[in-house]
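Have the model open beside the text and turn it as you read.

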Amino acid sequence: DHFGRSIDLHDDWLIVSAPFSDEMGVDAGTAYIYQRESSSSEGWLLQAKVLPNQEAAALSEFGFSVGVSNENFVVSSKYSNPETDLLGNAYIYSTSNSNEPTASPTLSHQPTEGTPIVTSS
């Protein structure tokens, strides 16, 4: 599973990846979102187990990289659809005023050779 291959922490939120988990297919991947318990500084509760979508599941390595800022979460898949291309995706999730993360639109970048990819924080 490679649980913990990528992790990120912001305030009371923690996201942990397992890009080689097999629940949705071989090396489909999973991301886990935890929230710190308000009653304990050392306890964490699993808030969501995030799985890749069905059509891009097997071999996508969902959770190859993860990030969190405030209550927004990013989960990348190394391959968006390994059967047709080797390009990845980034998926954005937000708690949107609840403790249950919900999906936002998918961001996808399909670079051509030599295209720079620029990210800002």
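This is a predicted model: local features need pLDDT of at least 70, side-chain atom pairs count only at pLDDT 80 or more; totals for chains, interfaces and linings use all residues.

L9 stands opposite L14 in strand 2. This is one place where strand 1 and strand 2 meet, and the two strands run antiparallel, joined by four bridges. Two words need their cut-offs here: a strand is a DSSP run of E with at least two residues, numbered from the N terminus, and two strands pair if DSSP finds at least two bridges between them.

Residues are numbered from 1 along each chain as its sequence is written, and side-chain values use heavy atoms, with hydrogens and water left out.

Four strands form an open sheet in the order 1-2-3-4, with antiparallel pairing. At its edges are strand 1 (7-10) and strand 4 (44-50), each of which pairs on one side only. Neighbouring strands of this sheet are turned by 20 degrees against each other on average, direction ignored; the axes behind that angle are lines fitted to C-alpha atoms, and angles in general run from 0 to 180 degrees between N-to-C directions.

What does the secondary structure of the chain come to as a whole? The count is zero helices and eight strands, where a helix would be a DSSP run of H or I with at least four residues. Read from the N terminus, the elements run β-β-β-β-β-β-β-β. Of the 121 residues in the chain, 35% are buried, with buried meaning under 20% relative accessible area, exposed over 50% and partly exposed in between (1.4 Å probe, protein chains only). The accessible surface of the chain comes to about 7,200 Å², and 49% of it belongs to carbon and sulfur atoms; such areas come from the Shrake-Rupley method with a 1.4 Å probe.

Move on to the next hairpin. Strand 5 (residues 62-69) and strand 6 pair in the antiparallel sense over five bridges, and V68 stands opposite F73 in strand 6. Two residues lie between the strands of this hairpin, where N70 takes a positive phi near 55 degrees. In general, most residues other than glycine have a negative phi. N70 counts as partly exposed because its relative accessibility is 46%. L59, in the loop between strand 4 and strand 5, also has a positive phi, near 65 degrees. At 42% relative accessibility, L59 counts as partly exposed.

Strand 6 holds another residue to look at, S76. Why does S76 count as buried? Its relative accessibility is 17%, so S76 falls in the buried class. Leaving aside neighbours within four places in sequence, S76 is in contact (heavy atoms within 4.5 Å) with E61, F62, G63, F64, S65, N89 and A90.

F73 brings us to the aromatic rings. Rings of Phe, Tyr and Trp (its six-membered ring) pair if their centres lie within 6.5 Å; planes under 30 degrees apart count as stacked, over 60 as edge-to-face and the rest as tilted. By this rule there are three aromatic pairs. One of them joins W13 and F73 edge-to-face, at 5.4 Å centre to centre with 75 degrees between the planes. This pair links distant parts of the chain, since W13 is in strand 2 (residues 13-18) and F73 in strand 6 (residues 72-77), 60 residues apart. Both W13 and F73 are buried.

R5 lies over the face of F64, at 3.8 Å from the ring centre; the rule asks for NZ of Lys or CZ of Arg within 6 Å of the ring centre and within 35 degrees of the ring normal. R5 is found in the segment before strand 1 and is partly exposed, with a relative accessible area of 42%. Not counting residues up to four places away in sequence, R5 touches S17, P19 and F64.

Finish at Y93, placed in strand 7 (residues 89-94). Y93 counts as buried because its relative accessibility is 10%. The C-alpha atoms of Y93 and E71 are separated by 8.4 Å, and these residues are 22 apart along the chain.
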